Amino acid sequence: MTKSRSKQLVICVDNEGYAASLEKRKIYEALRDPAADKHGMLRILDESGEDYLYPKTLFRSIALPLAVKRAVLAA
């Protein structure tokens, strides 16, 4: 499996309580974390390369064409 296929992209649909950290309608990279998943949380990677846990309800998974996904991940 290629590296770009193993990464999940999500879009922020709500930033209530996290306005300083999350931007609505922004695409984020989500890291797979089964322990966080069990608690209804999602591990999000920010621009600095740090990852933080946020409630899953703030995001929706998105599917992009492979070429677009690669371009987003490379940006």
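Where is the place of Glu 29? Glu 29 sits in strand β2, residues 27–31. This is a predicted model, in which local features need pLDDT of at least 70, side-chain atom pairs count only at pLDDT 80 or more, and totals for chains, interfaces and linings use all residues. Residues are numbered from 1 along each chain as its sequence is written, and side-chain values use heavy atoms, with hydrogens and water left out.

**View 1. Glu 29 in strand β2.** Strands (E, at least two residues) and helices (H or I, at least four) are DSSP runs, numbered from the N terminus. Glu 29 has 15% relative accessibility and so counts as buried (under 20% relative accessible area; exposed is over 50%, partly exposed in between; 1.4 Å probe, protein chains only). Not counting residues up to four places away in sequence, Glu 29 touches Lys 7, Gln 8, Leu 9, Arg 43, Ile 44, Leu 45 and Leu 73. Contact means heavy atoms within 4.5 Å.

**View 2. Lys 7 in the segment before β1.** Lys 7 is partly exposed, at 25% relative accessible area. Beyond its neighbours within four places in sequence, Lys 7 is in contact with Glu 29, Lys 69 and Leu 73. Its C-alpha atom is separated by 7.0 Å from that of Ala 30, 23 residues apart along the chain.

**View 3. The pair of Tyr 18 and Tyr 54.** The structure holds 3 aromatic pairs (Phe, Tyr or Trp rings, the six-membered one for Trp, with centres within 6.5 Å; planes under 30 degrees apart are stacked, over 60 edge-to-face, the rest tilted). The ring centres of Tyr 18 and Tyr 54 are 5.1 Å apart and the planes are at 85°, so this pair is edge-to-face. Tyr 18 is partly exposed at 30%, whereas Tyr 54 is buried at 8%.
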